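Have a look at the model first, and then we can go through it together.

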Amino acid sequence: IKNPRGKQQGQLKIDVKFQDAASLVVQYYKESLEDILMNQYKIDSYFEMRSGCQVDLYSCARNLPHKVHLSSGALYQPGSCYLDMYKTIVAAQKFIYITGWSVWTKLQLVRGDDVNSLETEEEHSYCGLSLGELLKMKADDGVRVLIMVWSDISSAVTGEGMMGTHDQ
């Protein structure tokens, strides 16, 4: 690298390595299998991995009230994702982090007979609020509320996103 007077001022070193897409796929699967076999699950992600966390899996946002027969013969009562989200948001004291394909602020989390599952006075007090109103209320109360929504360019055109999921 030379300055305007032609005197050398530095060096630039460039290393180039070609790696075809097929080898990247092979490497990805190799690392994934190693993770699974070693129970490591080291996955590149926006947020760093944490251990000791609780995860609830849902097949639907609002499951049926009756129990499901598992292949093992056991009975399992699926939870209501919306109701569990509502109770968790109401109880939050420090932070609420939400990420997803869509975050529709007008969503009513407590629906129909879900009101019978509310346990605390606080849960009953706010059950008529939409998701957006609830999050704003929690932020006003000093709870840190962070939301990361995947971007969809069609949202700017339709206002509801390509799939009608309000992911703007």
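## Salt bridges and packing

Lys 136 and Asp 140 sit four residues apart in helix H4 (residues 131-140), so about one helical turn separates them. An α-helix has 3.6 residues a turn, so residues three or four places apart point the same way. Helices here are DSSP runs of H or I with at least four residues, strands are E runs with at least two, and both are numbered from the N terminus.

Before going further, a word on the basis: this is a predicted model, in which local features need pLDDT of at least 70 and side-chain atom pairs count only at pLDDT 80 or more, while totals for chains, interfaces and linings use all residues. Residues are numbered from 1 along each chain as its sequence is written, and side-chain values use heavy atoms, leaving out hydrogens and water.

How many salt bridges are there, taking a side-chain nitrogen of Lys or Arg within 4 Å of a carboxyl oxygen of Asp or Glu? The count comes to two, and they are set out here.

| Pair | N to O distance |
|---|---|
| Lys 87 and Glu 119 | 3.5 Å |
| Lys 136 and Asp 140 | 3.2 Å |

The bridge between Lys 87 and Glu 119 links distant parts of the chain: Lys 87 is in helix H2 (residues 81-91), and Glu 119 is in the loop between strand E3 (95-100) and helix H3 (121-126), 32 residues apart. Lys 87 is buried, with a relative accessible area of 18%, whereas Glu 119 is exposed at 64%. For these words, buried means under 20% relative accessible area, exposed over 50%, and partly exposed in between (1.4 Å probe, protein chains only). Both Lys 136 and Asp 140 are exposed.

In strand E3 we find Tyr 97, which is partly exposed with a relative accessible area of 45%. Leaving aside residues up to four places away in sequence, Tyr 97 touches Arg 144 and Leu 146. The C-alpha atoms of Tyr 97 and Met 148 are separated by 8.0 Å, although the two residues are 51 apart along the chain.

Finally, Leu 12 belongs to the segment before helix H1 (21-38) and is exposed, with a relative accessible area of 65%.

Key. Contact = heavy atoms within 4.5 Å.
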